[in-house]
Amino acid sequence: MATPVSEAQECAKDVAPARLPRLVLRLWIWSAAFFLAALVVGWIEHRLGWPLLKYNPLANRRHEDLLEFIPVYGLLHTAAFFQGVGGSRVAYPPLGAVIYAVIYATKHPVAFYRATAAVWLAVGVLGVRRELMKRGIGAVAATLFPLTLVVASFPIAGLLQQGNLELYMWIAAGVGTWLFLRGHDDAAAVFWGVAAAVKLFPVILLSLLLPRGRWRAFALGVATFVGVTVLCLAWLGPSVPVAWHGSLENVFGYQGSRVSEFSWHELAANHSVFGMVRFASKIAGVPPARLPLAYYCGGAVVMGLAYFGRLWKMPVANQLLAVTAFMVMFPPVSYFYALVHLYAPFLVLLFLAIRAEQAGRTVPGLRGTLMLFLPLFASFTVFTFPHQFLYGGLIQAMLLMMLFVCALEYPFAAVEAEAGAR
């Protein structure tokens with residue numbers, strides 16, 4: 001019969017916080033190492049006076065993307081709005097243009113943007129903290145781990161520095177993914193439709209509903225995207241046709257100008273796979289402006305074959321990773337702040353790794369896949385040395401392709417179920 005002392009000791013053992021899993025600790029250390037590397041490289045660039053420093057967004061004027069269009073919005077609801085002011089045009093789909101109008105209407109755009117970001121990041125940190133504590137991680141470690149990841153994240157820092165509208169698309173897409181993972185498919189589709197109306201490429205997230213046979217939710221997401229877009233066109237004015245043509249011209253005009261640009265900025269900060277195509281075309285002497293149509297068709301074929309040939313029967317974690325990686329790396333213009341969307345599949349795989357390690361299981365491919373995220377969350381300046389022909393954008397594009405391949409190669413859910421059962 002157990003004595004009162006032994007019973008108390010056993011009880012204390014049951015409620016004692018679990019130690020931080022080795023993989024999580026390794027991710028924590030490496031994220032700090034990349035953060036310190038960015039500081040060291042930035043200091044060296046500053047001392048040497050390298051011109052690349054001006055392409056580091058953390059060295060630019062704050063909230064440049066956020067404040068750029070203030071003069072343009074004096075022309076709102078007129079055809080002249082789409083012509084811009086001084087060469088500055090609102091190159092966003094209609095909902096993106098409406099969000100700018102809402103932000104400017106507050107009269108304190110920077111404060112409003114910062115408050116939105118603070119609330120969103122606080123919700124994320126507290127949510128991860130809660131999930132870690134559910135898995136037995138102590139309160140201090142469960143708080144510091146997500147907090148330091150946010151602080152050390154270059155995409156988040158760059159996003160806030162630029163004041164880019166990607167923040168609001170990230171919120172809509174992130175909430176949609178959270179709802180999707182909890183089985184609320186209709187609500188998830190609505191949020192993904194809204195995200196696609198801010199910028200077009202999140203529409204691919206709706207494909208996650210198809211393997212589940214959620215055709216109604218898929219249709220609801222498409223309808224949300226179309227409906228929100230039409231309503232925003234009508235509000236922007238002066239008429240739907242004028243707003244439609246003006247928006248198309250601005251969005252695709254911006255894309256076209258960036259596609260043809262060959263600069264250190266594009267090579268360093270743009271992690272699109274198109275950057276590799278453009279680099280090869282420069283060597284071959286082919287104008288990049290000729291390539292987008294073939295690039296879009298080739299990308300659609302690759303994604304179609306991968307999704308319906310392999311991913312369709314893969315676990316949800318694999319589908320989310322592959323679709324998100326493709327969403328981030330495929331658009332010809334996809335700068336560093338778009339990498340914030342990778343936090344959704346990263347957290348899904350992280351909690352899978354924690355459950356597996358606590359159950360004494362080894363998940364094939366999971367450790368390497370998680371490690372690939374860390375250089376993507378680091379500053380592109382760490383990998384950019386033009387004199388050695390190394391460019392962060394091209395390197396991160398290759399890392400994204402590797403993430404995509406990992407999603408096709410290693411099924412995670414079978415082990416997840418076994419680990420959960422144990």
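1. A word on the model before the details. This is a predicted model, in which local features need pLDDT of at least 70 and side-chain atom pairs count only at pLDDT 80 or more, while totals for chains, interfaces and linings use all residues. Residues are numbered from 1 along each chain as its sequence is written, and side-chain values use heavy atoms, with hydrogens and water left out.

2. Start with the peptide bond between G237 and P238: it is cis, with omega about 0 degrees. P238 sits in the loop between α10 (215-236) and α11 (240-259). Helices here are DSSP runs of H or I with at least four residues, and strands are runs of E with at least two, numbered from the N terminus.

3. Next, look at H63, in the loop between α2 (22-48) and α3 (64-67). H63 is not a glycine, yet its phi is positive, near 55 degrees. Its relative accessible area is 7%, so H63 is buried (buried means under 20% relative accessible area, exposed over 50%, and partly exposed in between, with a 1.4 Å probe and protein chains only).

4. K107 also has a positive phi, about 70 degrees, without being a glycine. You will find K107 in the loop between α4 (94-105) and α5 (109-134). With 67% relative accessibility, K107 counts as exposed.

5. A cavity is a set of points, on a 1 Å grid over the protein atoms alone, where a 1.4 Å probe fits but cannot get out; lining residues have an atom within 4 Å of a point. Grid points are joined across faces, edges and corners, and a volume is the space filled by probe spheres set on the points.

6. The largest cavity holds about 90 Å³ of space. Its lining includes S31, F34, F35, Y343 and F346. Both α2 and α16 (343-358) supply at least two lining residues each, and α2 gives the most, with three. By class, this lining has nine nonpolar, two polar and no charged residues (Ala, Val, Leu, Ile, Met, Phe, Trp, Tyr, Cys and Pro count as nonpolar, Asp, Glu, Lys and Arg as charged, and the others, Gly among them, as polar).

7. The second largest cavity has a volume of about 30 Å³. Around it are F81, F82, V90, Y92, A97, S247 and N250. Five of the lining residues of this second largest cavity are nonpolar, two are polar and none is charged.

Key. 1 Å grid on protein atoms, 1.4 Å probe; cavity = no way out; pocket = protein on both sides within 12 Å on 5 of 7 lines; lining within 4 Å.
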